[in-house]
Amino acid sequence: MALFRKKRAADADSSVSMFDTYPDKLPDELFERAEYDAAAGEKGGYSNYSYWGSTLRAFRKNKTAMFFLWLLVILLAFTFIQPLLPGQRDPNIINNDPDTGFMLKNQPPSATFWFGTNAIGQDLWARLWSGTRTSLFIGVVVAFFEALIGIIMGAIWGYVRRLDRLFTEIYNVIDNIPTTIIRMLFAYMMRPSLFTVTFVMCLTGWFSMARFIRNQIVIIRDREYNLASRCLGTSTPRIITRNLLPYMVSVIMLRMALAVPGAIGTEVFLTYIGLGLPVTIPSLGNLINEGKQVMLNPALVYQLYFPAIVISIITVAFYMIGNAFSDAADPKNHIE
């Protein structure tokens with residue numbers, strides 16, 4: 001088939017009159033023949049859209065979240081770099097006066113002890129950063145297992161109908177027992193240690209995540225695309241991982257971000273009631289517990305201020321980052 005490309009006419013009136021006079025002819029002076037290009041005929045639409053790329057671009061537009069992200073990165077980096085810096089003291093060493101041999105207890109912040117010392121002469125600067133490392137480790141591990149177990153159990157609970165009643169009854173029985181009681185029982189049965197605290201929180205932390213995922217899946221499991229997938233013989237694991245869980249990326253990321261400060265808060269609470277880590281393992285919970293014992297003394301209240309400031313920064317940072325990333329992960333916010 002002949003292809004033609006229209007030339008620019010010098011006189012628009014003359015071209016119109018020529019078409020009117022010879023409607024069945026193509027004037028050669030107005031058109032030139034174009035060669036057929038098979039490659040051009042095969043060209044189609046192209047989009048460079050990337051879900052995660054668009055998510056990151058939307059997240060970077062949130063200046064407040066970016067500020068807290070950099071603040072958290074700097075805090076985490078310094079937490080792990082601090083022991084490598086020169087002149088750092090062991091967090092468990094009791095510092096004594098070289099002249100008198102007495103403990104340098106309850107020393108206020110100074111050039112020697114930047115954050116002062118506690119009631120037995122331990123350096124609070126070293127204990128603060130060591131405790132931050134411990135609490136962040138607990139928070140990240142607990143959040144990971146809470147998300148892993150909670151998502152798996154919640155997805156099965158919500159999608160497999162014949163297991164819904166069984167899982168619901170088990171959840172109702174466990175949910176009616178106060179979580180603190182369960183944690184106290186296991187803490188009493190096991191020796192106080194980092195593993196015990198982490199295990200106790202992982203044991204009960206996934207219940208709320210599983211319930212949340214179950215409720216979300218029940219809402220979308222009978223939509224048309226899921227029914228079509230089942231009719232085509234798609235396996236249950238594939239439907240869960242391909243059709244259901246991607247729909248909930250934003251809310252899952254938000255709950256995971258909030259699980260880290262939540263686990264740190266639980267560790268602080270367990271230490272407060274005497275079921276947390278032993279005093280030989282510095283943690284934010286131990287430091288806050290020590291600080292609250294002297295908080296009524298204005299000269300010693302600094303022992304509570306420093307760990308409280310650090311845990312507040314971590315909590316607010318994870319909250320702001322989690323909310324911003326949850327909004328950025330929503331595809332409706334990817335329109336540019």
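**A predicted chain and its residue N106**

N106 lies in the loop between α4 and α5 (124–159).

This is a predicted model in which local features need pLDDT of at least 70 and side-chain atom pairs count only at pLDDT 80 or more, while totals for chains, interfaces and linings use all residues. Residues are numbered from 1 along each chain as its sequence is written, and side-chain values use heavy atoms, with hydrogens and water left out.

Student: Is N106 buried, partly exposed or exposed?
Tutor: Buried means under 20% relative accessible area and exposed over 50%, with partly exposed in between (1.4 Å probe, protein chains only). The relative accessibility of N106 is 25%, so this residue counts as partly exposed.

Student: What is the phi of N106?
Tutor: N106 is not a glycine, although its phi is positive. The value is about 55°.

Student: Which element of the protein chain has the highest mean pLDDT?
Tutor: Here pLDDT is the predictor's confidence in each residue, from 0 to 100, and elements are DSSP runs, with helices (H or I) of at least four residues and strands (E) of at least two, numbered from the N terminus. The lowest mean, 46, belongs to strand β1 (residues 3–6), and the highest, 92, to helix α4 (residues 63–81).

Student: How many contacts does the stretch of residues 1–16 have beyond near neighbours in sequence?
Tutor: Contact means heavy atoms within 4.5 Å. Over residues 1–16 the pLDDT is below 50, and the number of such contacts in the model is 23.

Student: What percentage of the residues of the protein chain count as buried?
Tutor: The protein chain has 336 residues, and the share that counts as buried is 40%.
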